[in-house]
Every structure is written in C-alpha cells, then in structure tokens.
Amino acid sequence: MDSQITVDASSPTSQIAVISPKAKKRRATPIERLDARTDTSGGVNACHECSYSPPTDGYPMISVKGRNIRVNIFAWEHAHGPVPDGMHVLHRCNNPKCRNINHLFLGDRQENMAQMQADGRRGKALPVATVKEIVKLGI
C-alpha cells in the first residue's frame, strides 16, 4: 500500500504531508467496547444485557488492561469508582448479564447470601442418605 501525499497549493511555501498507511487506528476504550456489546433498547429501566459470553457462573467478563473483570463490577467502577473492600456489586434484577447501573448496588457478603436465599437462587443441600448413595454408585 502506497503512502498518501497531500500538497497545500494555496500556501506560498507549499508544504507536503506524508500520511503513512501504517498509521494505527485508535483502539476503543473498555467502556466503548462494552457499550457496543450491550443491548439498551429496552430503555433506562430495563436490563442492559451484555452480549459477551459468560463463563459457567453466568457473569460476563471484560478484559481491562490485561485483567479479566466481571462486567457488572466494571460498570459500577466506571460510574462510581472502586468497590470498597468487603463489598460486592449486587443486582436488583438478579440478571448476571445486566450492567444497567440503575440495577446495581453495593452490599456485603451477608446481604448477597440473604438476597440469593430470598430469590430462591441458593442451592439446597442434599439429604445425607442421597449423598451416601451417590458416593456408593461412584457418580
């Protein structure tokens, strides 16, 4: 690919500018990348779901400066600053793909566990007899 050459003929000291074809494009910022992958069509009160593929826990991740971070945490920190020690970013909507800042709030581990229990998202323990049977069968 050839370089482009431009000449300003209106100037008495005509200047030549050489534009390299290898000039780098500006890389999108993490928030620009996330915005491009988020469906906000439902409006300000709807879940804003990120289309990044979530790992097995259901929480999409984004790479920021070589570090993978959950999208909900990144969105919170972009809007409010760092999450304080001992706090978690929780969802009012219980949708792990949602990054709508209006659906996110801070809570401690106990609040997170209580919310999971109240919403029926906390796993139930198997009876001891069932566990023994599973172990016996080698499942």
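These legends accompany close-up views of a predicted model of one protein chain.

**View 1. The whole chain, from one end to the other.**
Let's start with the overall layout: the protein chain has four helices and eight strands. Reading from the N terminus, the order is β-β-α-β-β-β-β-α-β-β-α-α. Of the 139 residues in the chain, 22% are buried. The chain exposes about 10,300 Å², and carbon and sulfur atoms supply 54% of that area. Among contacts between residues at least 6 apart in sequence, 33% join residues at least 24 apart.

**View 2. Helix H2 and what it packs against.**
Helix H2 covers residues 71–80, and its buried residues are Val71, Asn72, Phe74, Ala75 and Trp76. Which elements do the buried residues of H2 pack against? They pack against helix H1 (30–36) and also against strands E4 (49–50), E5 (61–64), E6 (67–70), E7 (87–91) and E8 (104–108).

**View 3. Gln115, a buried residue in helix H3.**
Here we look at Gln115, which lies in helix H3 (residues 109–118). Is Gln115 buried or exposed? Gln115 counts as buried because its relative accessibility is 15%, below the 20% cut-off. Its side chain reaches the backbone oxygen of His91 at 2.7 Å. Setting aside neighbours within four places in sequence, Gln115 is in contact with Leu90, His91, Arg92, Asn94, Phe105 and Arg121.

**View 4. The salt bridge between Glu32 and Arg26.**
The structure holds three salt bridges, and this view shows the one where the side chains of Glu32 and Arg26 meet at 3.2 Å, N to O. Glu32 is partly exposed, at 33% relative accessibility, whereas Arg26 is exposed, with a relative accessible area of 62%.

**View 5. The salt bridge between Asp35 and Arg99.**
In this view, the side chains of Asp35 and Arg99 meet in a salt bridge at 2.9 Å, N to O. The pair links distant parts of the chain: Asp35 belongs to helix H1 and Arg99 to the loop between E7 and E8, 64 residues apart. Asp35 counts as partly exposed at 43% relative accessibility, but Arg99 is buried, with a relative accessible area of 12%.

**View 6. The salt bridge between Arg70 and Asp57.**
Our last stop shows the side chains of Arg70 and Asp57 in a salt bridge at 2.7 Å, N to O. Arg70 sits in strand E6 and Asp57 in the loop between E4 and E5, 13 residues apart. Arg70 is partly exposed, with a relative accessible area of 29%, and Asp57 is partly exposed, with a relative accessible area of 38%.

Definitions and conventions
Residues numbered from 1 in each chain as written. Predicted model: local features only at pLDDT ≥ 70, side-chain atom pairs only at ≥ 80, totals over all residues. Heavy atoms only, no water. Helix = DSSP H or I, 4+ residues; strand = E, 2+ residues; numbered from the N terminus. Buried < 20%, exposed > 50% of the residue type's maximum accessible area, 1.4 Å probe, protein only. Contact = heavy atoms within 4.5 Å. Areas by Shrake-Rupley, 256 points an atom, 1.4 Å probe, with all protein chains shown as cover. Polar contact = N/O pair within 3.5 Å; in protein donor to acceptor, adjacent residues only side chain to side chain. Salt bridge = Lys/Arg side-chain N within 4 Å of Asp/Glu carboxyl O.
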